[in-house]
Amino acid sequence: MSDGAYRIAGIQAAPVFLDLPATVDKVIGLIEDAARGGARLVAFPEVWLPGYPWWIWLGGPAWGLQFMKRYHKNAMRRDGPEMRALGDAARRNGIFVVLGHAETDGGSLYMAQSLIGDDGVPIFHRRKLKPARTERSVFGEGDGSHLCVADTALGRIGALCCGEHFQPLSKYAMYSQQQQVHAAAWPGFSLLRGKAYLNGPEAAHVATQMYAIEGQCFAIAATTVNDEAML
């Protein structure tokens, strides 16, 4: 449990889409910026490395296959060199990091979040329990062990991705572990604005607020920005 107040940074920015090395460099820069601003914890959006696969919502599955090889090539391994580089950045800057990334493992992809300690050592790796609808054409599923909360020097920290904030039993599993700080990772909904309320920024904002109210914890929303280069 933390012995006092501290600052948290929630990233709202665009990745270098489908370019893992460049996005790792950008993550390191944002970690450094957050630390210079006095943050003890920085949280990143959903699968920010190498970016959210927006094509799954914008066209048919066969059309989207053209992006899959590149996406898979730019996904991270939890024990890979990119994770080690980001751990080194966390250690150098003395900051905790909640990282949203596409994880590759055994030929499958997962929507992953990793909590890295201020000593650079990963505290937990988790996978989104149930990817939403067409996300399942890209990503595999996690399991119940990934609904985890870690006891740290900053309090009991946990994280969920996007639609997990609309699943009452998933949220209850987190609350029951006496969570105190929550990192809510969102993909950034500007491409779907006006198409469905559930897939809009207003719902993401309300869901994050409701998580804080229900769980009686602090909740930070990190969301992708879809910039012109990404489009």
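Author: Here it is; note that this is a predicted model. We could begin with the backbone. Pro50 lies in the loop between strand E3 (39-43) and H2.

Reader: What joins Leu49 and Pro50?

Author: A cis peptide bond, with omega at about 0°.

Reader: And what about phi of Val47?

Author: Phi of Val47 is near 35°, which is a positive value in a residue other than glycine. Val47 is placed in the loop between E3 and H2.

Reader: Is Val47 buried or exposed?

Author: Val47 is buried, with a relative accessible area of 1%.

Reader: Where does Gln178 lie, and what is its phi?

Author: Gln178 lies in the loop between H5 and strand E9 (181-186). Its phi is near 60°, again a positive value in a residue other than glycine.

Reader: Buried or exposed, for Gln178?

Author: Gln178 counts as exposed, at 59% relative accessibility.

Reader: Switching to rings. How many aromatic pairs are there?

Author: The count comes to eight aromatic pairs. One of them is Trp55 with Phe67, with ring centres 4.9 Å apart and planes at 25°.

Reader: Why is that pair of Trp55 and Phe67 stacked?

Author: Planes under 30 degrees apart count as stacked, and those of Trp55 and Phe67 are at 25°, so the pair qualifies.

Reader: Which parts does the pair of Trp55 and Phe67 tie together?

Author: Trp55 lies in helix H2 (residues 55-58) and Phe67 in helix H3 (residues 61-73), so the pair ties together parts that are twelve residues apart in sequence.

Reader: How about accessibility for Trp55 and Phe67?

Author: Trp55 is buried, with a relative accessible area of 6%. Phe67 counts as partly exposed, at 24% relative accessibility.

Reader: And what do Trp63 and Phe67 form?

Author: Trp63 and Phe67 form an edge-to-face aromatic pair, 5.4 Å centre to centre with 75° between the planes. They are four residues apart in helix H3, so about one helical turn separates them. Trp63 is partly exposed, and its relative accessible area is 42%.

Reader: Which residues do the ring pairs link into a cluster?

Author: Trp55, Trp63, Phe67, Tyr71 and Phe139.

Reader: OK, charges now. How many salt bridges in the whole structure?

Author: A search finds twelve salt bridges. Asp105 forms one with Arg127, and the closest N and O atoms are 2.8 Å apart.

Reader: Which strands are Asp105 and Arg127 in?

Author: Asp105 lies in strand E4 (residues 96-105) and Arg127 in strand E6 (residues 122-127), so this pair ties together parts that are 22 residues apart in sequence. Arg127 is buried at a relative accessible area of 11%, while Asp105 counts as partly exposed at 30%.

Reader: What ring does the charged end of Arg127 sit over?

Author: That of Tyr110, with the charged end 3.8 Å from the ring centre. Arg127 is also linked in a network of salt bridges with Arg77, Arg78, Asp79, Glu103 and Asp105.

Reader: And Arg126, what does its side chain meet in a salt bridge?

Author: The side chain of Glu164, at 2.8 Å from N to O. Arg126 lies in strand E6 and Glu164 in the loop between strand E8 (155-161) and helix H5 (168-175), so the pair ties together parts that are 38 residues apart in sequence. Both Arg126 and Glu164 are buried.

Reader: What about Glu135 and Lys128?

Author: Their side chains also meet in a salt bridge, at 2.9 Å from N to O. Glu135 and Lys128 are both buried.

Reader: Last topic, helices. At what angle do H5 and H6 pack?

Author: At about 50°, with the axes of H5 and helix H6 (residues 201-215) 10 Å apart. H5 and H6 are therefore oblique to each other.

Reader: Right-handed or left-handed, the crossing of H5 and H6?

Author: The crossing is right-handed.

Reader: And how far apart are Tyr175 and Cys217?

Author: Tyr175 and Cys217 are 42 residues apart in sequence and 8.7 Å apart in space, C-alpha to C-alpha. Tyr175 lies in helix H5 and is buried, with a relative accessible area of 18%.

Definitions and conventions
Residues are numbered from 1 along each chain as its sequence is written. This is a predicted model: local features need pLDDT of at least 70, side-chain atom pairs count only at pLDDT 80 or more; totals for chains, interfaces and linings use all residues. Side-chain values use heavy atoms; hydrogens and water are left out. Rings of Phe, Tyr and Trp (its six-membered ring) pair if their centres lie within 6.5 Å; planes under 30 degrees apart count as stacked, over 60 as edge-to-face and the rest as tilted. Helices (H or I, at least four residues) and strands (E, at least two) are DSSP runs, numbered from the N terminus. Buried means under 20% relative accessible area, exposed over 50%, partly exposed in between (1.4 Å probe, protein chains only). A charge sits over a ring if NZ of Lys or CZ of Arg is within 6 Å of the ring centre and within 35 degrees of the ring normal. A salt bridge is a side-chain nitrogen of Lys or Arg within 4 Å of a carboxyl oxygen of Asp or Glu. Axes are lines fitted to C-alpha atoms, for helices over the stretch in contact, and angles run from 0 to 180 degrees between N-to-C directions. Angles under 35 degrees count as roughly parallel, over 145 as roughly antiparallel, 65 to 115 as roughly perpendicular and the rest as oblique. A crossing is left-handed if the near helix is turned anticlockwise from the far one by less than a right angle, and right-handed if clockwise.
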